[in-house]
Amino acid sequence: MDEPQLGGSGHVAVWVAVGAAPRDEPLSLDRRALRYRRARAAAHRVGRQLVEAYTSCAPDRQAWERDGRGRPLVVDPGGLHVSLSHAESVVAAALSWGAPVGVDVERLRPLADRGALARTALSESERQAVDALPEALRDAQVLRFWTRKEAVAKALGTGLATHLRGIVTTARGTVVALPDPCGDITAWSLADLAAGDGVIASVAVRAPGVRVVTRTLPLPADEG
């Protein structure tokens, strides 16, 4: 694929692969597990293709490992930071040079218990921002806040052990506060991604002034 020749900690590349929205039907535990495994495998495939596009290192020559919290690590080629995410028939991979990166993607959907999620993860100001919206827009805003928090937590390396309510953004995406382990707030870049209708995604990089280049790809039906 013809990708811009980017490099250095001032850039991050994100690929989002989107499939058809899943049908609203009950699934057995086995079927849910199969769908999860396929989505995880698809995220790794997209991640390897992303690394190849920017380094010319073919997927079968790449060496990947996982850290103690299960995050993917690219061992060869070196000097890269990668983050992967998958949701309902959508996967994302982010690649950064020289700075930790986190990406999170969600399929827009009705939230069964929006209030519980808001109480668990959102700050007071974020809950107020959600409540100020028309009812039809509230689920999307909660998911937007959530993807930003997850992206920061992945870049930080602490995952869901992060104090999520301490990651505070405005409805428009301005970072207001970060937990103490994040350090100086100005040392971070956070961006919402344009990934198509029904998809909400965010990327965070532990470096200031980062330029994000996003590509949206189709996801085959049997990989979601």
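Ser-89 is buried, with a relative accessible area of 10%; here buried means under 20% relative accessible area, exposed means over 50% and partly exposed lies in between (1.4 Å probe, protein chains only). This is a predicted model, in which local features need pLDDT of at least 70 and side-chain atom pairs count only at pLDDT 80 or more, while totals for chains, interfaces and linings use all residues. Residues are numbered from 1 along each chain as its sequence is written, and side-chain values use heavy atoms, with hydrogens and water left out.

You will find Ser-89 in the loop between β4 and β5 (90–97). Helices (H or I, at least four residues) and strands (E, at least two) are DSSP runs, numbered from the N terminus. The phi of Ser-89 is near 60°, a positive value in a residue other than glycine. Ser-56 also has a positive phi, of about 65°, and sits in the loop between α1 (29–55) and β2 (63–66). Ser-56 is exposed, at 63% relative accessible area.

## A cis peptide bond

Most residues other than glycine have a negative phi, and most peptide bonds are trans. The bond joining Asp-76 and Pro-77 is cis, with omega about 5°. Pro-77 belongs to the loop between β3 (72–76) and β4 (80–87).

## A three-stranded sheet

An open sheet is built from three strands in the order β6-β10-β9, with antiparallel pairing; two strands count as paired if DSSP finds at least two bridges between them. Its edge strands, β6 (101–107) and β9 (189–193), each pair on one side only. On average, neighbouring strands are turned by 15° against each other, direction ignored. Axes are lines fitted to C-alpha atoms, for helices over the stretch in contact, and angles run from 0 to 180 degrees between N-to-C directions.

Seven bridges link β6 to β10 (residues 199–205) in the antiparallel sense. For Asp-104, the bridge partner in β10 is Ser-202. Helix α4 (residues 135–156) lies across β6, β9 and β10 and runs at about 155° to β6.

What does the side chain of Glu-106 make a polar contact with at 3.0 Å? The partner is the side chain of Arg-109. Another polar contact, of 3.4 Å, joins the side chains of Glu-106 and Trp-146. A polar contact is a pair of N or O atoms within 3.5 Å; within protein, one must be able to donate a hydrogen and the other to accept it, and residues adjacent in sequence count only if both atoms are side-chain atoms.

Leaving aside residues up to four places away in sequence, Glu-106 touches several residues, including Ala-87, Leu-143, Thr-147 and Ile-200. Contact means heavy atoms within 4.5 Å.

In helix α2 (residues 114–121), the residues Arg-114, Ala-118 and Ala-121 are buried. They lie on the same side of α2 because they cover an arc of only 90° around the axis, taken from the directions from the helix axis to the C-beta atoms. The face turned away from that buried side carries the exposed Arg-119 and Thr-120. Among what covers the buried residues of α2 are α3 (124–131) and α4.

## Cysteines

How many disulfides does a search of the whole structure find? The count is zero, with a disulfide taken as a pair of cysteine sulfur atoms within 2.5 Å. Cys-57 is buried at 7% relative accessible area, and Cys-182 counts as buried at 2%.
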